[in-house]
Amino acid sequence: MAIYHVVGLGLAGLAAALDLADRVRGTAEVRLWEGAGHAGGRCRTFFEPALDCEIDNGNHLILGANPAVFAHLDRLGVRDRLTGLDETAFPFLDLGSNTAWTLRPDRGRIPLWIFDPARRVPDTSAGDYLAAWRLLVAGRGATVAQCLDTTSVLFRRLWEPLAVGVLNASAEEGSARLLARVLMETFGRGGAACRPYIATRGLSDALVDPAVSHLAAQGLAPAFGARLKEIVRDASGRVTALRFAGETINLGPDDRLILATPHEVTRDLLPGLDAPSGSRAIVNAHYRLAKAPRTPPHGLALLGLVGSHAQWLFIRGDVAAVTVSAGDALAALPADEVARLLWREVAQALSLMGEPADAATLPRCRIVKEKRATFLQTPENAARRPGTQAGGNLFLAGDWTATGLPATIEGALRSGASAARAALSR
Ligand SMILES: Cc1cc2nc3c(=O)[nH]c(=O)nc-3n(C[C@H](O)[C@H](O)[C@H](O)COP(=O)(O)OP(=O)(O)OC[C@H]3O[C@@H](n4cnc5c(N)ncnc54)[C@H](O)[C@@H]3O)c2cc1C
């Protein structure tokens with residue numbers, strides 16, 4: 001009986017495992033290997049003693065335009081574990097000028113909102129938005145900054161925060177094509193596609209734990225703490241053995257490997273693979289507030305911040321968590337310095353929201369630095385993303401493979417499904 005090995009149980013590996021488990025039933029064996037002590041990879045929840053509550057490793061935003069995410073939730077019967085925020089109101093604060101506004105896109109596809117000063121970014125004109133067509137027709141080698149007027153108010157208050165948030169790279173280095181793809185799939189499709197969703201209780205609760213339970217119910221127990229050290233291939237490129245610390249697993253002629261490890265690990269395991277290189281950090285600061293802000297009824301809120309280090313503020317009950325993407329410089333600072341610096345900005349934002357907070361008194365806090373949060377999403381790296389088929393019985397998955405999307409949960413899930421499909425059809 002053929003054996004399908006899946007190595008790496010982030011969302012890409014989990015998606016591949018779920019598809020395999022559903023389809024091979026009794027005709028083949030599926031074996032799951034994960035280097036860490038848990039599944040979820042870069043998308044996970046853990047108990048933080050300093051805050052005395054569970055937190056996610058970082059704020060993760062899911063959009064209505066993420067069909068693979070909703071298919072994943074539906075398969076597991078847990079769609080209700082995400083909460084959708086208002087699709088027509090995106091509040092922003094410019095902490096440099098203490099200006100607040102709410103972007104109010106239309107429910108339909110025609111972007112009438114850009115013609116209404118009360119619904120668009122202050123101090124911008126409809127023409128500024130229309131000039132973004134250059135982004136939509138960008139060549140493969142173009143960066144975001146090369147397509148837009150970087151001196152404009154709209155760039156500073158909308159395009160730059162979006163580019164950094166979506167690409168985890170500065171506008172000067174981020175791929176214009178990748179950003180354009182997201183704009184087409186969100187703003188290009190109207191309100192429901194732009195709707196932001198947040199995991200109600202946490203990422204693991206919504207996306208990871210139900211997948212692990214579903215696999216367990218089918219008799220698939222992952223081997224945790226199993227770090228793959230070496231992949232042995234024969235002259236034709238076929239994988240013949242997997243070397244873990246202390247254990248070698250030989251692959252028979254019909255066996256297949258889906259390798260769903262991050263890009264830099266995969267590059268080490270497969271010398272000679274042409275793949276993206278370099279990463280960017282994301283820093284998250286989680287603050288446990290004395291009391292929960294009066295946010296909308298579901299207790300969840302999302303706020304865009306400009307003119308500050310802090311970029312996106314998520315509020316879940318009494319935890320305010322702020323994200324800094326492309327945060328390599330911040331990640332190099334000591335955690336207590338980062339905590340104080342970002343708290344001053346969060347306190348200012350909360351005060352502007354009508355929830356006065358003392359900038360001088362640091363609440364209980366946890367800084368999470370994900371130094372390799374995503375691959376560096378430059379045009380050059382975007383062109384080097386390999387497809388699923390890696391030759392012979394080897395298939396690649398992960399948010400960094402050629403999904404056409406930025407490195408996201410959606411991309412990771414789609415890549416896992418493609419790898420499973422390819423492995424099954426070989
Ligand atoms: C702070 C942060 C914020 C983010 N925000 C968003 C967001 O708002 N929206 C969004 O859509 N995406 C966001 N992302 C990106 C998203 O988390 C990733 O795209 C997604 O989780 C990647 O999944 P993956 O399975 O491709 O990779 P990973 O999650 O990295 O999974 C790879 C797995 O392989 C395992 N592994 C590594 N080496 C080995 C080895 N040698 N042997 C065995 N196993 C190994 C790892 O332990 C891991 O479990 C964010 C990421 C971070 C870090």
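Author: Let's begin with strand 6 and strand 9 (residues 196-199), which pair in the antiparallel sense over 3 bridges. Two strands count as paired if DSSP finds at least two bridges between them. Strands (E, at least two residues) and helices (H or I, at least four) are DSSP runs, numbered from the N terminus. In this pairing, Leu82 stands opposite Ala199 of strand 9.

You are looking at a predicted model, where local features need pLDDT of at least 70 and side-chain atom pairs count only at pLDDT 80 or more, while totals for chains, interfaces and linings use all residues. Residues are numbered from 1 along each chain as its sequence is written, and side-chain values use heavy atoms, with hydrogens and water left out.

Now widen the view. The two strands belong to an open sheet of 3 strands, ordered 5-9-6, with antiparallel pairing. Strand 5 (62-63) and strand 6 are its edge strands, each pairing on one side only.

(A salt bridge is a side-chain nitrogen of Lys or Arg within 4 Å of a carboxyl oxygen of Asp or Glu.) Arg81 sits in the loop between helix 2 (67-76) and strand 6 (82-84), and Asp205 is in helix 9 (residues 203-217), so the pair ties together parts 124 residues apart in sequence. A search of the whole structure finds 29 salt bridges.

Next, the domains. The chain is divided into domain 1 (3-44 + 204-278 + 377-425) and domain 2 (90-194); such bounds come from an automatic or database domain assignment. Between domain 1 and domain 2 there is 1 salt bridge. Glu185 and Arg414 also join their side chains in a salt bridge, at 3.8 Å from N to O. The centres of domain 1 and domain 2, taken over C-alpha atoms, are 34 Å apart. Their contact (heavy atoms within 4.5 Å) takes 11 residues from domain 1 and 14 residues from domain 2. Together they bury about 940 Å², 57% of it on carbon and sulfur atoms. Buried area is the accessible area (1.4 Å probe) that two parts lose on being put together, summed over both. On the domain 1 side, Gln377, Pro379 and Pro406 lose the most area to domain 2, together 55% of what that side buries.

Strand 10 runs parallel to strand 2 (residues 29-34), joined by 2 bridges, and Trp33 stands opposite Ala223 of strand 10.

For contrast, turn to two hairpins. Strand 3 (residues 45-48) and strand 4 (residues 53-56) pair in the antiparallel sense over 4 bridges. Glu48 stands opposite Cys53 of strand 4, and in the turn of this hairpin, with 4 residues between the strands, Asp52 has a positive phi of about 55 degrees. Strand 12 (residues 239-244) and strand 13 (residues 247-250) are also antiparallel, over 4 bridges. Here Arg243 has Thr248 in strand 13 as its bridge partner. This hairpin has 2 residues between its strands, and Gly246 takes a positive phi near 80 degrees.
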